[in-house]
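The following exercises concern the placement and surroundings of annotated residues. Please consult the sequence and the structure while working through each solution.

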Amino acid sequence: MKVVKFGGSSLSSGEQLEKVLKIVLSDSARKIVVVSAPGKRYSDDIKVTDLLISLAQCHLTGENADELFQTVVERYKGIAEELQLSDQIIETIKEDLENLLKADKSRPDRFIDAIKASGEDNNAKLIAAYFQHQGVDAQYVNPKDAGLFVSDEPGHAQVLPESYEQLYKLRERDGILIFPGFFGYTKGGDVLTFSRSGSDITGSILANGIKADLYENFTDVDAVYSVNPNIVENPREIKELTYREMRELSYAGFSVFHDEALIPAFRAGIPVNIKNTNNPSAPGTRVVNERENSNGPVIGIASDKGFCSIYISKYLMNREIGFGRKLLEILEDYGLSYEHIPSGIDDVTLILRQGQIDSETEKQILSQIKHDLNADEVRVEHNLSLIMVVGEGMRHNVGTTARAAKALADTGVNIEMINQGSSEVSMMFGIKEVDETRAVQALYHEFFVPVTV
Ligand SMILES: Nc1ncnc2c1ncn2[C@@H]1O[C@H](COP(=O)(O)OP(=O)(O)O)[C@@H](O)[C@H]1O
Ligand SMILES: N[C@@H](CC(=O)OP(=O)(O)O)C(=O)O
């Protein structure tokens, strides 16, 4: 049995849905089909999820949102008309959205999540109607009925482990199951979403739940490339990579697969195959437990913007018991998470996602660190990018860091910080955001472009 997930780009039009149907029917093992909301039809189009977020926000602030409402309904209507479905399904979707918009707004984050989730929920209903219209034995499945329960964290919920046992029962249901991605239900009955792009997570949870043989994730590229194809033209395709490598790369910017979507599949030992809806015969990329290490030290290079660093130095920091705990407690008091903590004898740097802190909070944190910890120096740096160079082969190769550092130096990029992950499958470079593209291109050249003599 296989779980197949289709991303928003695979579901943006009737023409795309025809491809989806063909793919599903071409393999009888494809039992559960996880779907996103309709994505972009062309590069500057707007995803239905983004339209829904704006719609929810207008309803919260009392702005007129009639046009936005119509735009959302038109997106589904366009698809239904292309596929010659009856108006009934559009009436169902319209009514559902109207009711959701009338719901209680006293807890805005929950209101927004319910509207956001309707993008996938209504798309799953539409796709089930389309499959049925084509004479296929298919049914929409509601995540609550299936037992997909999540933690009480609006916008970044996590699956509750008890869900897996319930989800196993989906194996017994007849026909093809069309399951909306991106959200689950709290024990209190609220609809909460995973973080953005979280339909990948739903697919992985279901693959674990039904103990699938394979989790297929269909998107709009032939493979996971060794570098973001928007940064380097025609980069090398990756045929196989390990869960650890994929986790590091997707965390660090490979948006093709959600980093939180690896764990459920990994725990159940289910391979993941990332494939192209527009070219399903291409083998795609397989994510597995172990792979032949035949590609040299590095398998991929990822990068992401929007970080800041807080540098703290204090003479004899290494001797001071409890310094680290007190420092991290300050972050905790402000509800902040950190990404990395490179350290020296007398100094430590905290790397955080910049979007979490406004300038007032930043001032307070800096002064509290200086005052409470009696630090000699505290300074902050903004607009940093992190570049992650990843590969299982790095453990067996001497000199990879030197090669990377030289490539960056040769292209005139200053390294603000280096952190070698203790897992030894990755090394991280902190650089200025303005240097990101140049730095990634230089590293790609160093590790992937053969030298001709
Ligand atoms: N290393 C990479 N390999 C392949 N695609 C990547 C990589 N890094 C970023 N991407 C981007 O991820 C996109 C696919 O992800 P996404 O837009 O979320 O698809 P979907 O709509 O299927 O969920 C690709 O079109 C590509 O632009
Ligand atoms: N529609 C949601 C969830 C998702 O996974 O979408 P996509 O498959 O288009 O990345 C979002 O945009 O965040």
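Helices (H or I, at least four residues) and strands (E, at least two) are DSSP runs, numbered from the N terminus. The model is predicted: local features need pLDDT of at least 70, side-chain atom pairs count only at pLDDT 80 or more, and totals for chains, interfaces and linings use all residues. Residues are numbered from 1 along each chain as its sequence is written, and chains are lettered from A and ligands numbered from 1 in the order in which they are written.

**Exercise 1.** Locate Glu120 and Thr49, and determine whether each is buried or exposed.

*Step 1.* Glu120 belongs to helix H5 (residues 108–133), while Thr49 belongs to helix H2 (residues 48–61).

*Step 2.* A residue is buried if 20 or more other C-beta atoms, placed from the backbone, lie within 10 Å of its own, exposed if 12 or fewer, and partly exposed in between. Glu120 is buried because it has 29 C-beta neighbours inside 10 Å; Thr49, with 23 other such atoms within 10 Å, is buried.

*Step 3.* In an unreviewed UniProt entry, the feature "binding site" is placed at Thr49 and Glu120. They span 72 residues in sequence, yet no two of their C-alpha atoms are more than 8.4 Å apart, so they gather at one spot.

Notes: UniProt positions are given in the numbering used here, feature names are shortened, and annotations may be inferred rather than shown by experiment.
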